[in-house]
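This report looks at aromatic contacts and at backbone angles in a protein chain. Please keep the sequence and the model in view while reading.

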Amino acid sequence: MSIARSASSLQLARETRERFVLATEGAIAPLARAIRDRLTAVASEAGNARAMQEHRDDFVAFQGQGTQWVSLAQTGWRKALVGSGGSAAATSSALRLELIGDEEVESNILSSRLAQVIHDKASFELSDLRLRIQHLEGSTELDARDVLKPETLAKLLVEQWLAAGLSRGMWTRVQDTVQQALVDVVVKAYQNANVFLVANGVMQEIDLKSFVRRTGNAGGGAQGGPTTSPSGSMARDSSMAGGPHSAQRPGFGFDGSQQGSAPSTVVPSSSTTGGSPLMIARQRAQTALLSLKRFVTARIGGDAGGGNGQNQAVGAEGRATGGGGGAGSGNPGGGTGAPRVFSRTFAGAIADAEVAYRMAATQFMDGAGEQATLMQQTAVDLRKRTAELKKRAPTTADKATVEIVALMFQAILAEERIPFSARVWFARLQMPVLRVAIAEPEFFGTLQHPARMLIDRMGSCVMGFDAAAITGSALEGEIRRVVQVIEQYPETGQRVFKLVFDEFVAFLNRYLTQSDTTQRVMSVAQQVEQKETMAIQYTIELRKMLNDMPVRDEIREFLFKIWAEVLAIAALRYGAQGEQTVMLKRVASELVWAASAKPNRTDRARVIQDLPQLLQRLRQGMALLGIVDEPQEAHIKIIGATLSDAFLSKTEAIPQAKIEAMAERLTHLEDFVTDVSGSSDLPLDAHSIELLLGVDAASIEVIPDAAGAKVPEDMLAWAHELQVGNWFMLDHNDRVSQVQFVWRSDRKQLHLFASSDGRSFLIQAGRLATYLQAGLLVPAEEETLTVRATREALAKLDANPERLLN
């Protein structure tokens, strides 16, 4: 139904859209430049032949067709303005049934990813703008092709990309660049549109009472398909930053405008994915969450959920309140504000179910039956309590939330690789997670919600151990402690999950490195990294000191390549200001002076007198590096010849003041050096570890960086994002081992993996990245625990949609 509006109101809505299109159209050309810069950078990177050819093809294709894409996109975007406004088109589109080709489905997937990112960033401003436009036009929903919808712009950009002759594969490889360049511009355009309407007196304060649909109508969507509330999608309450003209967030966090869109179980095919495996995995995970969102939205509509006026609203602590969701409910992954309110009766029901299951779980743990039987009893008990909670849920959104959380935990409890003792503690998280999911709907929309992150991290750790290794261990005790802390603070929402997640990560860093063997390997690795970093720092400083001094190339090379290493290992063994280290630092300045021109007899006599002691100290320093016998004699021979030449040299002598200044600076060298880039090369091998640090490296399988190999930046980024505690399959020297990532050095250059048979693998960052790229190091689990549980829950709902609300 629409209400007649004055011509001035319709004109104001039209002008708002024109301003929005003008603002976003201006972002297309800069977006193309950003894509071109990205393709140029990638095309210059070294990699395998196939990837390099693919990058070059992308670069050439965009050079030829990029300008046409910009022109098509800008023209199409201006034309899209013509059909915007009203809701007739949306209604007719929703009633039309037709088969969709595979190519169109793949294109829809690409555009929906971009649209979802815009939705996440601009949900508040978009919801406010939607309400104001509907108020101006007297409509109940925006047109399906309205330019104000993120889907419209995203779909147009993808369609014109393909129309310009560019491939879907290339789009997936640059889509992160597209998102970075476009999202902020679109969000700003939404903000400016709201500012423009408020300045013209349009709904300066949004009154939600007239927009919220009552609970009695909420069930309609279960029978007849999608139903929409007059407001479409509510994003936040008036406590949010942004002033009084704000809207309340839906109970399930679903946007009513998304109804009836792409199929509910969409998984990107290999032909539509691109980028690094890490990016592909994230895209698949986000697609699973998006598919769940669409499925539920299509069946319950954009119902605003619990805090709707029919039920008394209570805060997380059970106190009556009139406010809605806070910052945590409006910002995915946030958590700084109050949760969305829900009824006191329902909150009490969840608390009762939690206490009852906690008592039952204790009995299951103490039971003497088979573990499989006890696990089945746990699942049956939770299923029964879920059914009771659904009956008491006040809204369809709450019913859907109860069912989906229950299905997710069914999948988690069915995971046999999680030892029984740990699975029972995982089961006790169902009610706390349900409370958070109802109060903070972004739990279903983001992979970064603390509750998800905690469950995923705990699951990824325990699934690699056998039951005997977990039962009674400190790891099991920590999981028990984490769950009990969460149960003790039900009023804190996601904050308690964030707190215990950080504590669990800190625990893992201690737990996984507590063995003597691992501690020894870590100590060696950290010292090697520290030594190499110091050597690089000392080399840089020596170069600065000798920059304007007339020093022979042979002496320069010796100081840069040999003596900088000597100073680093001495500082590591004896301390930066240890007697031995200070002596070796003085040797550098003495060698520079001795090798300089000696025009007078006094200087030559001094060199002859000091030479035996100087050579002795040079030998002593080289011995620290394991340079002995013939290699040492070769260096001494070169230095001796250089010193002899200095006697005959006619060049200008180095002033004594400079030598003294150099000696002083060398003595306090650590005061001048600065940290070097974390990507600096570290020459690492087992032999050098034994020579440099005097330890036996037999238990360490050292996998150093390949000389001269260039590693793609996205693979290095993936290597740096690996999480301690996760399990992998490592294929090294034709032997496959299951290994756990147990430690990363401070500068992220060295990574330690431990296998169950006691072997340790110390891998440098560059080599780790190439192993990931080549598939020689593969995550043991393709998906995190909660994503897999989400996918299994969605499969059950697809097969039996009626169970969502029944």
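## Basis

The model is predicted, so that local features need pLDDT of at least 70 and side-chain atom pairs count only at pLDDT 80 or more, while totals for chains, interfaces and linings use all residues. Residues are numbered from 1 along each chain as its sequence is written, and side-chain values use heavy atoms, with hydrogens and water left out.

## Aromatic pairs

The structure holds 12 aromatic pairs, where rings of Phe, Tyr and Trp (its six-membered ring) pair if their centres lie within 6.5 Å, and planes under 30 degrees apart count as stacked, over 60 as edge-to-face and the rest as tilted. Phe20 and Trp77 are edge-to-face, because their ring centres are 6.4 Å apart and their planes stand at 65 degrees. This pair links distant parts of the chain, with Phe20 in helix α1 and Trp77 in helix α3, 57 residues apart; helices are DSSP runs of H or I with at least four residues, numbered from the N terminus.

## Charges over rings

The charged end of Arg19 sits over the ring of Phe196, 4.2 Å from its centre, and Arg452 lies over the face of Phe443 at 4.9 Å; the criterion is NZ of Lys or CZ of Arg within 6 Å of the ring centre and within 35 degrees of the ring normal.

## Positive phi

Asp629, which is not a glycine, has a positive phi near 55 degrees and belongs to helix α24. Asn733 likewise has a positive phi of about 55 degrees.

Terms used:
Helices (H or I, at least four residues) and strands (E, at least two) are DSSP runs, numbered from the N terminus.
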